[in-house]
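Hello,

Here is the structure I promised to pass on to you. Please open it beside this email and follow along as you read.

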There are 2 protein chains.
Amino acid sequence: MSKARSRRGGGRPTIADVARKAGVGAITVSRALREPGRVSEDLRRQIQAAVDELGYVPDPNARALASARAEVFGVLVPSLTNNVFAEVVRGIYDSLSDSPFRIQIGNTHYSGLEEERLLQVFGSQRPAALIVAGIDQTPSARRLLENAGCPVVQVMETGPDPVDMMVGFSHLDGGRTATEHLLQAGYRKIGFIGARMDPRSQRRLAGYRAAMETAGLFDPRLVTTTPVPSSVSLGRELFRDALAKVPTLDGVFCNNDDIALGVLFECHRASLDVPKQIGIVGFNDLDMMQVSFPSITSVRTHRYEIGTRSVAMALAAIAGNRPEQRIVDLGFELMRRESTAR
Amino acid sequence: MSKARSRRGGGRPTIADVARKAGVGAITVSRALREPGRVSEDLRRQIQAAVDELGYVPDPNARALASARAEVFGVLVPSLTNNVFAEVVRGIYDSLSDSPFRIQIGNTHYSGLEEERLLQVFGSQRPAALIVAGIDQTPSARRLLENAGCPVVQVMETGPDPVDMMVGFSHLDGGRTATEHLLQAGYRKIGFIGARMDPRSQRRLAGYRAAMETAGLFDPRLVTTTPVPSSVSLGRELFRDALAKVPTLDGVFCNNDDIALGVLFECHRASLDVPKQIGIVGFNDLDMMQVSFPSITSVRTHRYEIGTRSVAMALAAIAGNRPEQRIVDLGFELMRRESTAR
DNA sequence: CAGACAAATGGTAGCGCTACCATGACTGGC
DNA sequence: GCCAGTCATGGTAGCGCTACCATTTGTCTG
């Protein structure tokens with residue numbers, strides 16, 4: 001039919017092929033696909049028929065080049081395997097599954113430098129929006145976000161100074177609430193056990209410390225932390241360290257639920273009664289917390305909702321109506337369970 | 001300087017700006033960036049200086065359009081929160097972090113139709129490679145993979161008929177090995193407990209069944225499954241169901257470790273001695289299996305390595321030297337622990 | 001020293017799409 | 001019935017980059 005398929009390109013149908021087949025101009029095909037309302041119903045039908053017949057799929061690269069805007073959401077998280085971020089990402093995916101937007105995830109490995117590098121890479125694509133975990137960007141990363149030319153949502157935490165928008169909650173309040181709960185339950189020698197100690201963990205620790213100081217019970221020897229990535233087995237080890245330091249320990253607030261589970265298992269192993277001798281509180285409230293024996297008190301966080309909400313805000317901003325509320329605090333909920341019921 | 005910044009584009013430096021500043025042709029800049037060996041050292045240095053000074057970052061969309069090939073790895077997994085796939089994805093990310101390739105993850109939600117849709121979307125970008133979980137693509141999805149025009153790696157499982165390449169292991173053998181271990185330990189009324197029951201779970205079940213039939217002990221009432229997504233709490237519930245059906249149950253092979261953990265907790269709650277009254281075997285060997293009390297026997301799978309290996313094979317194929325071994329079986333390892341030590 | 005050949009560089013012409021700016025056909029008000 | 005104001009459609013000119021094909025220079029052969 002055509003006298004010569006162009007040398008490059010895989011011979012896939014282009015918008016020009018569709019236009020020819022439908023007997024319209026290329027630009028009308030483009031419009032029919034992106035702004036159907038601006039094309040008469042007749043032509044729309046013809047074009048759709050041509051699209052179906054040819055199996056035409058628009059080339060997103062050409063689209064991005066021509067419009068100087070890629071239909072991509074850039075998402076930056078510090079870890080892919082940590083269930084917490086996986087849930088946020090799942091929320092983002094589910095919210096975007098019916099939209100034309102693709103998603104590109106970057107793994108910063110909890111490194112500010114890596115975050116900068118990824119922002120550079122992501123920015124070069126002119127993404128439609130950026131969603132980044134945390135509020136502690138390096139100055140250079142912050143500048144990249146400010147100049148990204150697209151909506152930016154910082155997630156997981158709230159803070160006073162958003163680049164653009166924020167969805168999260170106060171980790172400091174979460175830590176304080178968890179610790180106050182232990183205090184109210186009558187525990188006194190309450191330890192803090194934390195792994196990784198990223199900025200959010202630091203703020204949970206700060207909340208713990210505030211509560212303990214208010215009660216006049218803070219003692220630095222009660223705090224056991226490590227920069228090592230969190231795991232259940234690490235929770236067990238850290239708990240043993242903590243007990244070695246302070247044998248009279250009668251409660252622990254754990255950085256997260258993996259650590260808490262490790263503590264519980266070690267209590268079983270050492271025949272320490274939970275909650276009688278040791279009270280345990282976790283953070284995030286993973287599904288297993290309510291099932292364990294005994295079930296474990298934890299601070300429930302709304303991770304999936306953080307993902308869906310951040311997308312909703314970004315989409316609104318893209319559509320031109322930026323939410324008037326730029327900082328959304330989704331809060332948390334203390335789930336009281338057997339591990340602190342004494 | 002330039003008489004008029006083009007109306008479109010964000011005013012970011014382009015390859016022409018770099019070329020002008022370095023006093024060379026645009027194409028030479030392009031080469032210096034992509035095939036440094038073909039440009040003299042002098043020019044390379046000049047060009048690098050211009051790139052640094054201008055802060056030039058190539059536009060991946062323009063690059064993809066011009067070269068009919070995007071530097072993107074498309075990755076299709078059925079779930080983002082399931083730790084198993086998260087580990088595979090982490091391996092992929094780590095292997096690709098120093099390469100120019102970006103990664104795009106698609107979440108199929110265990111749906112063949114969704115997989116087809118995503119393959120369509122991914123294919124429209126002309127990705128550099130595709131990595132897909134599983135070997136049970138729909139005929140239409142399989143056709144899309146065959147016509148993708150790029151290396152394809154099917155991961156998680158091995159099978160007889162790869163689209164292109166495969167990295168995984170035999171879930172059937174894994175299930176059989178786990179069950180045989182329980183039999184050797186002296187358990188007789190061994191149940192199978194499974195959630196989600198995707199094709200891989202089905203094959204683990206088939207392995208269980210094969211082992212039980214060989215021993216002359218298979219009984220359909222020993223099998224308890226549900227299509228519901230897996231979780232620790234579900235494991236607990238399914239175990240109660242299984243016990244209600246067969247009160248003399250003395251062992252369980254669990255679909256995965258979440259289920260196994262749920263079973264363990266229910267045993268604690270019901271004061272069933274593990275391993276004396278009930279033997280438990282999990283699948284995947286998550287970190288917590290070795291820490292739990294008692295520790296849980298599990299089939300260790302090499303998820304991270306599946307990710308790294310699949311990338312290595314794809315990169316080799318892109319570089320033009322397709323591995324001669326197109327099917328790589330990474331095997332598994334039975335980790336014997338307290339939960340079956342009677 | 002002519003001719004052949006490789007290495008280094010550049011010019012031109014798109015890749016497939018959309019922004020921008022016409023154009024023509026209507027509609028409605030006075 | 002004329003003019004402004006819509007609406008539907010199309011043409012043209014790029015977006016920023018690279019494939020392809022020169023062109024130039026230097027090096028080697030006989």
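Start with B:Gln154: its bridge partner in strand 5 of chain B is B:Met166. This comes from a predicted model, so please keep that in mind as you look around.

In general, strands of a sheet pair through backbone hydrogen bonds, either parallel or antiparallel. Which of the two is found here? The pairing is parallel. The sheet in chain B is open and has six strands, in the order 2-1-3-4-5-11. Strand 2 (102-107) and strand 11 (327-329) of chain B are at its edges; each has a single partner strand, so one side of each has no neighbour in the sheet. On average, neighbouring strands are turned by 15° against each other, ignoring direction.

Next, look for helix 5 (residues 83-96) of chain B. Helix 5 lies across strand 1 (72-77), strand 2, strand 3 (129-133) and strand 4 of chain B, and runs at about 165° to strand 2.

Finally, the two chains. How is chain B superposed on chain A? A rotation of 180° does it, with 0.0 Å of shift along the axis and an RMSD of 0.1 Å. This is the relation of a two-fold axis. In chain B, the C-alpha nearest that axis belongs to B:Asn61, at 2.4 Å. Both copies use the same surface: 100% of the contact residues of chain B recur in chain A.

Happy exploring!

Conventions
Residues are numbered from 1 along each chain as its sequence is written. Chains are lettered from A and ligands numbered from 1 in the order in which they are written. This is a predicted model: local features need pLDDT of at least 70, side-chain atom pairs count only at pLDDT 80 or more; totals for chains, interfaces and linings use all residues. Side-chain values use heavy atoms; hydrogens and water are left out. Two strands pair if DSSP finds at least two bridges between them. Helices (H or I, at least four residues) and strands (E, at least two) are DSSP runs, numbered from the N terminus. Axes are lines fitted to C-alpha atoms, for helices over the stretch in contact, and angles run from 0 to 180 degrees between N-to-C directions. Contact means heavy atoms within 4.5 Å. Copies are superposed by least squares on the C-alpha atoms of residues with pLDDT of at least 70 in both.
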